Amino acid sequence: MKTHTREFKENIPLFGRELESKITYTIDGVTTELGSEELNSVTPHYEGAILKSVMKQLDVDSNVEIPLGTILTYEFGVKINDEYEYINYGNYVVYRVEKKEDTNSWQITCYDKMLYAMKNYEALNVTYPITIRDFINTICTHLGLTFKNLNDTFVNYDKEITKELYLDSDGNPLDYTFRTVFDELAAVTAGTICINEEDDELEIRYINDTADTIDEEYLKDVNVNFGEKVGPINTIILSRSADSDKISQSIPSDLADEDKIAIQITDNQIMNDNNRADFIPEILNKLYGLEYYINDFSSTGICYYNLCDKYNVKIGENIYSCIMFNDEVNVTQGLEEFVYTDLLEENQTNYDYVSDDDRKTNQTYIIAKKNEGEIEAVVSSVREISTKQNNDYQELLKKFQPIDSTLNKIDSIERSVIQLQTDTYTKTEIQQIANGTGVDGTRVTAVITTSGTFDEDGMTYEKSNAPTKSTINEIGINVKDQNDSSLLFAGYVDTNNAPQDLLNKYGDYANQTIVGTDNIIVNNYLNIGTHSRIQDYGNGTGIFWR
Amino acid sequence: MFLNENSIIINGVSMGPYILEAKFGYHKLWGPDSGRNLAGTQTGTLLGTFPKITMQFRKLTKSEVELLAPIFDSARQTTQYYDPYEKSNISMTTYSNDWELTDKYFVDENDKNEGFSWAVISTRKRG
């Protein structure tokens, strides 16, 4: 917990509490203190979890600009007996400053010194093997941090890292930052790696049972939710990449699978070789029995809990044991605090394929050595395919053979459809051809009916067994008998284009327009030229000229 | 509190000779988090106590109004008054309300404007 008095705890939920924020920083030897007059809002917050590193953040809306890179201290005060008691939220580095022209103030984003770890992992001056404790200290020194636990014993502090894990064989960086390395170290040490608020040092923080209880006086009357209980933890599982090659240990060691409540650590490069089982016992001992309630609640303001503090919330007759992992304190003209703790990622492990140590088994395993860029695989033996597996295969064949045939039929239908689409005209296209518009140059070139034909030779009327047939075309009208001999022709004798029967009969009149037939019946008169006429005259025939 | 003629001085001008009465208000402002908690208990942040002085002015002559008008019209004033909580004279920056003057006949040094009320409110919390 942050250092505070009993009066602080008693006064903060009271009606009529008076609050104060204070930000202090020094630039070029000049110390500046900002208070409520300069600060429009201050929001310290963090999002953390067990077995992770945590970086705390501070968001400030200020009427005074604070330069980038400034290290400031934030304190929050409650008035007690006419004096403010302040609790220390620690030091932060100004990371981003934005001017808000609408309010004429500055939005300032700050992070604690875990910010220094937010860069790509670099080569360290390390001689391997190196203990976990010395490795953390080396990183801290490299980043300009002080390791608070340098002289302490903690989970797996003396386990060794035998070689470089986070650079390739040529010393080039892999996809790691110092922050992600801290995440892995947090898992190895079964703690939470963070910056201590009081002394600015990097520490491995474990769950701190404060034995403190808050009740409804500290909670708002809306958004107060408590969920299921996590734990009690009795099993630790280590897995490699892609959630493979799991090993686990439990307390007691013969715990039934259905009773195992586990925390799983996945793809940790430090706990990746075949000696990884050696890391589990201390982790398990540290986390054994861990339990807490999922929660999400809004508070009127507590403020004195730290990351990883374990506390109780009493509501009526219910008491919820909680751990502070995520916290946001919103200090404006009033005070609100938002607290939540999530469920651990679900672990669905089939323990049939999990042992407690790689070295005791002949199981097939694969280790992805990212720094060496290789996969080391050991296959203990190649077994024959069992009869059962073969039978399963035959059953599968039988099951899917009809489907295969059906698929072939579908292929055939598909080809037919394609053929149909290629070789036929659509209704619209047919309409265009019929009305003479044509489609791609295709037009009606012939009409054939039961009584005749209309084609490039002309329009021919013809019926079966009829004595004559008639053709009308560009040279004239030609009526023929059944022997195809012309009976009547009225038209142009075109020696280049006339049919042979016409030429036979009327070849002497080539290139002339004639009417040629065997019989002509003239019912009234016959004019010949412009001067002659033959017609009835009385009971005889008159030939008249002029 | 009004202890003597100079208990209220605004922008260097003592109000004592011009007022018939002064009402001292000590107004609490509450934060937006005020309400009730899960226990039903009222909770909230007190932003502070903001003093307010409401003065009833007597009928004033033409020259008296001309002396005081710039003070009445100013956006901010420096107000000194005796505060019983502080047990001393304190100075505060204030803002004021509008003021209105009623004349029932011609005003000069003998015939005065009607009386009126005017108030100043502290821009900051006391203390």
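This is a predicted model: local features need pLDDT of at least 70, side-chain atom pairs count only at pLDDT 80 or more; totals for chains, interfaces and linings use all residues.

**Entry 1: a lysine in chain B.** I looked up the side chain of Lys62(B) and found a polar contact with the side chain of Glu66(B), at 2.9 Å. I then checked where Lys62(B) sits, and it belongs to helix α1 of chain B, which covers residues 62-73.

Is Lys62(B) buried, exposed or partly exposed? I got a relative accessibility of 40%, so Lys62(B) goes down as partly exposed, between the 20% and 50% limits.

Next I asked which residues Lys62(B) touches once its neighbours within four places in sequence are set aside. My list reads Val107(B), Asp108(B) and Glu109(B).

**Entry 2: two helices in chain A.** I turned to helix α2 (residues 132-143) and helix α3 (residues 178-188) of chain A, and found them packed at about 155 degrees with axes 12 Å apart. Angles over 145 degrees count as roughly antiparallel, so I filed α2(A) and α3(A) under that heading. I noted their crossing as left-handed.

Who makes the contact? From α2(A) I wrote down Ile132(A), Phe135(A), Ile136(A), Ile139(A), His142(A) and Leu143(A). From α3(A) come Phe178(A), Val181(A), Phe182(A), Leu185(A) and Val188(A). Sorting the α2(A) and α3(A) contact by class, I have ten nonpolar residues, one polar and no charged ones.

Key: Residues are numbered from 1 along each chain as its sequence is written. Chains are lettered from A and ligands numbered from 1 in the order in which they are written. Side-chain values use heavy atoms; hydrogens and water are left out. Helices (H or I, at least four residues) and strands (E, at least two) are DSSP runs, numbered from the N terminus. Buried means under 20% relative accessible area, exposed over 50%, partly exposed in between (1.4 Å probe, protein chains only). Contact means heavy atoms within 4.5 Å. A polar contact is a pair of N or O atoms within 3.5 Å; within protein, one must be able to donate a hydrogen and the other to accept it, and residues adjacent in sequence count only if both atoms are side-chain atoms. Axes are lines fitted to C-alpha atoms, for helices over the stretch in contact, and angles run from 0 to 180 degrees between N-to-C directions. Angles under 35 degrees count as roughly parallel, over 145 as roughly antiparallel, 65 to 115 as roughly perpendicular and the rest as oblique. A crossing is left-handed if the near helix is turned anticlockwise from the far one by less than a right angle, and right-handed if clockwise. Ala, Val, Leu, Ile, Met, Phe, Trp, Tyr, Cys and Pro count as nonpolar, Asp, Glu, Lys and Arg as charged, and the others, Gly among them, as polar.
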